[in-house]
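Work through these exercises with the model open. Try each task before you read its solution.

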Amino acid sequence: MRLPEAGSIQIAPSILSANFARLAEEINVVEAAGLSIVHLDIMDGHFVSNITIGPPVVASIRTCTDLVLDCHLMISDPQRYIPDFVSAGADHITFHVEATDCPGDLIAMIHEAGLTAGVSIRPDTAASALKAWVQDCEMILVMTVQPGFGGQALIPETLEKAAAVRSMVGPEKRIQVDGGIDETTAPLATAQGVDTLVAGSAIFGKSDRAAAIAAIQNAAG
């Protein structure tokens with residue numbers, strides 16, 4: 001699967017907040033809601049302090065859905081592991097510019113594998129750190145919380161960075177935000193040119209996942 005064309009508002013549920021004992025069912029709910037992307041937070045306990053999932057879980061998810069698997073690598077030495085996530089069935093891979101000295105090489109590696117590529121920054125990294133690489137990517141991710149844990153409140157100043165990235169790339173690229181997105185903050189993000197909204201606890205923390213998705217969609221516009 002490929003990322004949808006830039007411009008349309010897309011909700012990308014993050015399985016970090018899902019019930020891992022019922023992961024296939026959780027993803028089926030997302031698919032039934034008509035969404036196109038599922039966001040997979042990959043953490044290594046080194047680049048960030050939490051540890052989540054790796055290629056074997058991504059491979060298992062691949063068997064139960066045709067949705068775009070959007071793998072966000074919050075890991076050190078990402079070039080070492082990109083081939084593993086490609087083999088596991090990822091459709092899109094985003095890595096952090098803070099985690100590598102050679103972003104261009106990683107973008108080329110991802111593209112050569114037939115996937116779309118993305119770069120990301122932490123809240124305390126300037127948007128200008130992305131400038132040399134954004135035109136080579138299909139989606140740029142601006143973290144709106146400190147990476148590592150779900151359930152955090154959005155840092156308002158990060159939306160200014162999203163707007164700065166949008167001004168760099170124009171309308172042809174997807175701008176994604178991750179962290180603290182719900183029906184209140186979604187319209188604040190889309191007002192700054194964001195078209196891809198990662199939401200975790202705002203969806204999987206609700207008893208009615210489909211209603212939560214609809215509420216964010218309606219608020220985002």
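Just after α1, Gly34 has a positive phi of about 90°. Keep in mind that this is a predicted model.

**Exercise 1.** Decide how the buried residues of helix α1 (residues 23-32) are arranged around its axis.

*Solution.* 
Step 1. List them. Leu23, Glu26, Ile27 and Val30 are buried in α1.
Step 2. Look down the axis of α1. The buried residues fall within an arc of 95°, so they line one face of the helix.
Step 3. Link this to helix geometry. An α-helix has 3.6 residues a turn, so residues three or four places apart point the same way.
Step 4. Ask what covers the buried residues of α1. The cover includes β1 (10-13), β2 (37-43), α2, α7 (201-204) and α8 (209-220).

**Exercise 2.** Describe how helix α2 (residues 55-62) packs on helix α3 (residues 78-88).

*Solution.* 
Step 1. Two packed helices are described by the angle between their axes and the distance between the axes.
Step 2. Read them off. The axes of α2 and α3 come within 8 Å and cross at roughly 20°.
Step 3. Name the arrangement. Angles under 35 degrees count as roughly parallel. That makes α2 roughly parallel to α3.
Step 4. The crossing of α2 past α3 is right-handed.
Step 5. Find the contact. α2 contributes Pro55, Val58, Ala59 and Arg62, while α3 contributes Asp84, Phe85 and Ala88.
Step 6. Sort these residues. Five are nonpolar, none is polar and two are charged.

**Exercise 3.** Is Thr190 buried or exposed, and which residues does Thr190 touch?

*Solution.* 
Step 1. Locate it. Thr190 belongs to helix α6 (residues 186-190).
Step 2. Apply the cut-off. Buried means under 20% relative accessible area. Thr190 has 18%, so Thr190 is buried.
Step 3. List the contacts. Leaving out residues up to four places away in sequence, Thr190 touches Ile9, Leu197 and Ala220.
Step 4. Compare sequence with space. Thr190 and Ala162 are 28 residues apart in sequence, and their C-alpha atoms are 9.5 Å apart.

Terms used
Residues numbered from 1 in each chain as written. Predicted model: local features only at pLDDT ≥ 70, side-chain atom pairs only at ≥ 80, totals over all residues. Heavy atoms only, no water. Axes fitted to C-alpha atoms, helices over the stretch in contact; angles between N-to-C directions. Helix = DSSP H or I, 4+ residues; strand = E, 2+ residues; numbered from the N terminus. Parallel < 35°, antiparallel > 145°, perpendicular 65-115°, else oblique. Left-handed = near helix turned anticlockwise from the far one by under 90°. Contact = heavy atoms within 4.5 Å. Nonpolar A, V, L, I, M, F, W, Y, C, P; charged D, E, K, R; others polar. Buried < 20%, exposed > 50% of the residue type's maximum accessible area, 1.4 Å probe, protein only. Arc of directions from axis to C-beta.
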